[in-house]
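Have a look at the model first.

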Amino acid sequence: MRKYYIGDFTIKNLEDAHKFLKLVQEEDFDYFKLTNPKLEKDEDGSYYISLDDVYEDFEDDLKKIVTKCIEKNIHVTFYISYYGDGDNGRYEFDGKTFESLNSDECALRDALTIDLLNELKRRGINVCITTNGK
């Protein structure tokens, strides 16, 4: 069985979007390929490129993309989910940090804060919430 990848690369502005496209099309990656990428403009003025059902395992290539984007000062973030082969998870890059999350880590990351606090309370752990460090 294969793994399937779905997600978006979000790029801060049009200049960075062109730099990003040039990078991913000219760089030599083992598995990552953007064939006929469609650059879309978001409501907030940023741009994005969507991946739909890509089948190659390209985690190492994503790490190379992150390194190159940081080196070339290309402002990009991404959230790419994967599923298949009994394995689910997500790759996240916030512009500074690359993370590979398994299904449990995704569930925790995606849970609402109030749900997490209620679960701690259910387990008998008292939580005191403060604001501004007070």
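Ring pairs tie Tyr5, Phe9, Phe20, Phe29, Phe32, Phe58, Phe78, Tyr82, Tyr91, Phe93 and Phe98 together into a cluster. A pair here means rings of Phe, Tyr or Trp (its six-membered ring) with centres within 6.5 Å; planes under 30 degrees apart are stacked, over 60 edge-to-face, and the rest tilted. Before going further, note that this is a predicted model: local features need pLDDT of at least 70, side-chain atom pairs count only at pLDDT 80 or more, and totals for chains, interfaces and linings use all residues. Residues are numbered from 1 along each chain as its sequence is written, and side-chain values use heavy atoms, with hydrogens and water left out.

Searching the whole structure turns up 13 aromatic pairs. Take Phe29 and Phe32: their ring centres are 6.0 Å apart and their planes sit at 85°, so this pair is edge-to-face. Tyr91 and Phe98 also have ring centres 6.0 Å apart, but with planes at 15°, so that pair is stacked.

How exposed or buried are some of these residues, and a few others that come up below? The table uses relative accessible area: under 20% is buried, over 50% exposed, and in between partly exposed (1.4 Å probe, protein chains only).

| Residue | Relative accessible area | Class |
|---|---|---|
| Phe29 | 3% | buried |
| Phe32 | 2% | buried |
| Tyr91 | 2% | buried |
| Asp16 | 3% | buried |
| Gly84 | 6% | buried |
| Lys63 | 38% | partly exposed |

## Along the chain

Stepping back, the chain has 4 helices and 6 strands, and from the N terminus they come in the order β-α-β-β-α-β-β-β-α-α. Helices (H or I, at least four residues) and strands (E, at least two) are DSSP runs, numbered from the N terminus.

Asp16 belongs to helix H1 (residues 14-26). Which residues does Asp16 touch, leaving aside neighbours within four places in sequence? Its contacts (heavy atoms within 4.5 Å) are Ile11, Asn73, Ile74 and His75. You'll find Asn73 in the loop between H2 and strand E4 (76-83).

Gly84 sits in the loop between E4 and strand E5 (89-93). In sequence, Gly84 and Tyr4 are 80 residues apart, but their C-alpha atoms are separated by 6.2 Å. Lys63, in helix H2 (residues 59-71), has its C-alpha 13 Å from that of Arg90, 27 residues away along the chain.

## The whole chain

What about overall dimensions? The C-alpha trace spans about 55 × 40 × 25 Å along its principal axes. The radius of gyration is 18 Å, whereas a compact globule of 134 residues would come in near 14 Å. That radius is taken over C-alpha atoms, and the globule rule is 2.2 Å times the number of residues to the power 0.38.

Buried residues account for 28% of the 134. Of the contacts between residues at least 6 apart in sequence, 59% join residues at least 24 apart. The chain exposes about 9,200 Å², with carbon and sulfur atoms supplying 46% of that; these areas come from the Shrake-Rupley method with a 1.4 Å probe, and for residues, only the protein chains shown count as cover.
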